[in-house]
Amino acid sequence: MHGWIILDKPLGLGSTQGVSAVKRALREGGYGPKKKDMPKVGHGGTLDPLATGVLPIAIGEATKLAGRMLDSDKVYDFTCRFGVQTDTLDLEGREIAASDVRPTLAQVEAALPRFTGPIDQVPPAYSALKVDGARAYDLARAGRTWCWRRGL
């Protein structure tokens, strides 16, 4: 079996869990009752458990193309909440600051060009970036700090 499954990844499911679910379904469907008979399964991009959306899952020979998915252009839609800052910069974090000030539509539109095209971005501690083989968000949740330039 070779091809792609386009998973509409729900909130709370990690990319690895999505791949595991596909492997389990293949095994239960009779594809590869033994590990050596099981087709390879991989994904075309890591999505944090808090992210929802398209997660391409490659099966068999399609796994050879998964790396190209990682290097291709992507488009992200997001929802943000103004007036609250959390210690993790996401919904799971503890609120550390609040404000009643809200930007106007004109202020938001004026700021958007700074986020168009190539930009330098410092990954937050709670990101899917790998640091010494571990996900940064796992290290941060375990209380370990790291610098994206210097590692742990």
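Colleague: How many bridges join β2 to strand β3, and which way do the two strands run?

Modeller: Let's take the general idea before the case. Strands of a sheet pair through backbone hydrogen bonds, and the pairing is either parallel or antiparallel. In this predicted model, β2 and β3 (residues 53–59) run antiparallel, with three bridges between them. To see the pairing for yourself, look for valine 41, which stands opposite isoleucine 59 in β3.

Colleague: Which strands form the open sheet, and in what order?

Modeller: The order is β1-β3-β2, three strands with antiparallel pairing. β1 (3–9) and β2 (41–43) are at the edges with a single partner strand each, so one side of each has no neighbour in the sheet. From one strand to the next, the twist averages 30°.

Colleague: What packs on the sheet?

Modeller: Helix α1, residues 15–28, does, and it touches β1, β2 and β3. The direction of α1 makes about 155° with that of β2.

Colleague: Now the whole protein, please. How many helices and strands does it have?

Modeller: There are four helices and seven strands. Starting at the N terminus, the elements follow the pattern β-α-β-β-α-β-β-α-β-β-α.

Colleague: Why is the protein described as more spread out than a compact globule?

Modeller: Compare two values here. The radius of gyration is 19 Å, while the globule rule gives 15 Å for 152 residues; the protein is well over that, so it counts as more spread out than a compact globule. The C-alpha trace spans about 60 × 35 × 25 Å along the principal axes.

Colleague: Is leucine 89 buried or exposed?

Modeller: Its relative accessibility is 61%, and exposed means over 50%, so leucine 89 counts as exposed.

Colleague: And what about aspartate 132, where is it found?

Modeller: Aspartate 132 is in the loop between β6 (130–131) and β7 (134–135). Its phi is near 50°, again a positive value in a residue other than glycine. With a relative accessible area of 66%, aspartate 132 is exposed.

Terms used
Residues numbered from 1 in each chain as written. Predicted model: local features only at pLDDT ≥ 70, side-chain atom pairs only at ≥ 80, totals over all residues. Heavy atoms only, no water. Pairing = 2+ DSSP bridges. Axes fitted to C-alpha atoms, helices over the stretch in contact; angles between N-to-C directions. Contact = heavy atoms within 4.5 Å. Rg over C-alpha atoms; globule rule 2.2 N^0.38 Å. Buried < 20%, exposed > 50% of the residue type's maximum accessible area, 1.4 Å probe, protein only.
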